[in-house]
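I am keeping these notes as I go through a structure that is new to me.

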Amino acid sequence: MHAILPPDPAVYPPALVISGLVKSFAGMRAVDGLDLVVPAGEIYALLGPNGAGKTTTLRMVTGLARPDAGSIRLFGVDALADPIAAKQMLAWLPDEPLLYDKLTAAEYLAFIAGLWRVPADVAAARADRLLARLGLADKRDARCEGFSRGMKQKLALAGALIHEPRLLILDEPLTGLDAAAARVVKDMLIEFVGTGATVIITTHILEVAERMAARIGIIRAGRLVAEGTMAELAAGRGAGTTLEDVFLELAAA
Ligand SMILES: Nc1ncnc2c1ncn2[C@@H]1O[C@H](COP(=O)(O)OP(=O)(O)OP(=O)(O)O)[C@@H](O)[C@H]1O
């Protein structure tokens, strides 16, 4: 029998490797020497109390903010030295995405696809498929200005997926979604990693992280305080330990 070896990092590098990341605002270290590894092909949940530094970290990963120190590698690419190559591989869905009110849903998706140089016919087919999946097919030619918050959130997700990124990063993706829409988004994220892609989410809904994420990282005051599978996080804490138990213990410590 052959031993099962871990994937060779030279051939299958992790989706994200953060080392010694630091970002300060007016002398306050929002991210304070963060080290984090996200394996490819999984859903990873980044958790932490309000102000822990989650959004600041992800803004640096996506190139929207410059770290004071540290390194970020995306699929082996140095994101600080080669930001264009890094950006091509990822999509970022902020918690309050900005749409263009005067564009219709179809026009918005065509516009985003154009930025990524997705051929128009490929983009149109993907847009129709994504709008149908998200229950927005009948809003295809409606302007975004009339959309509810949840509809905007779903359209922004379609926009994030239109260039088929290798890594999708979502900040609180379920905020504002009704139960049915939240289910569709969760199912889509699971299907997306099934294609080999990687997803990183932040969420305050611990059940979502517990049920969906292969691995969970908990940060507090800009540092990683725990990380692993749910079983690893619960180890040594007694039968029936929930993520909420682990989170409340570590986040408040
Ligand atoms: N542009 C900024 N200017 C000044 N301070 C900032 C800025 N962005 C973030 N901060 C501070 O950095 C710290 C971390 O904020 P961040 O938004 O990363 O936390 P978070 O973990 O995403 O929190 P939440 O769960 O509340 O969204 C907070 O103290 C916040 O006030």
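**Aromatic rings**

I began with Tyr-100, which counts as partly exposed because its relative accessibility is 44% (buried means under 20% relative accessible area, exposed over 50%, and partly exposed in between, with a 1.4 Å probe and protein chains only). I note that this is a predicted model, in which local features need pLDDT of at least 70 and side-chain atom pairs count only at pLDDT 80 or more, while totals for chains, interfaces and linings use all residues. Residues are numbered from 1 along each chain as its sequence is written, and side-chain values use heavy atoms, with hydrogens and water left out.

I then looked at the partners of Tyr-100, and found that its ring and that of Phe-111 have centres 5.3 Å apart and planes at 80°, so the pair is edge-to-face (rings of Phe, Tyr and Trp, the last by its six-membered ring, pair if their centres lie within 6.5 Å; planes under 30 degrees apart count as stacked, over 60 as edge-to-face and the rest as tilted). This pair links distant parts of the chain, since Tyr-100 sits in the loop between strand S6 (90-93) and helix H3 (105-115), and Phe-111, eleven residues away, lies in helix H3 (helices, H or I of at least four residues, and strands, E of at least two, are DSSP runs numbered from the N terminus). Phe-111 is partly exposed, at 36% relative accessibility.

I searched the whole structure and found two aromatic pairs. In the pair of Tyr-100 and Tyr-108, the ring centres are 6.3 Å apart and the planes stand at 40°, so it is tilted. Tyr-108 is buried, at 6% relative accessibility, and Tyr-100, Tyr-108 and Phe-111 form one aromatic cluster.

**Nonpolar cores**

I next asked which residues touch the most other members of the largest nonpolar core. Among its 58 residues, they are Leu-47, Leu-155, Leu-168, Leu-189, Val-199 and Ile-216 (a core is a set of buried Ala, Val, Leu, Ile, Met, Phe, Trp, Tyr and Cys residues joined through side-chain atoms within 4.5 Å). A second, separate core holds 27 residues, including Ala-15, Val-31, Leu-46 and Leu-90.

I recorded Leu-93, Gln-153, Lys-154, Leu-157, Leu-170, Pro-173, Leu-177 and Val-185 as lining the largest cavity (on a 1 Å grid over the protein atoms alone, a cavity is a set of points where a 1.4 Å probe fits but cannot get out, and lining residues have an atom within 4 Å of a point). Helix H5 (residues 149-161) gives the largest share of this lining, three residues.

Technical notes. On a 1 Å grid over the protein atoms alone, a cavity is a set of points where a 1.4 Å probe fits but cannot get out, and a pocket is an open set with protein on both sides within 12 Å along at least five of seven lines; lining residues have an atom within 4 Å of a point.
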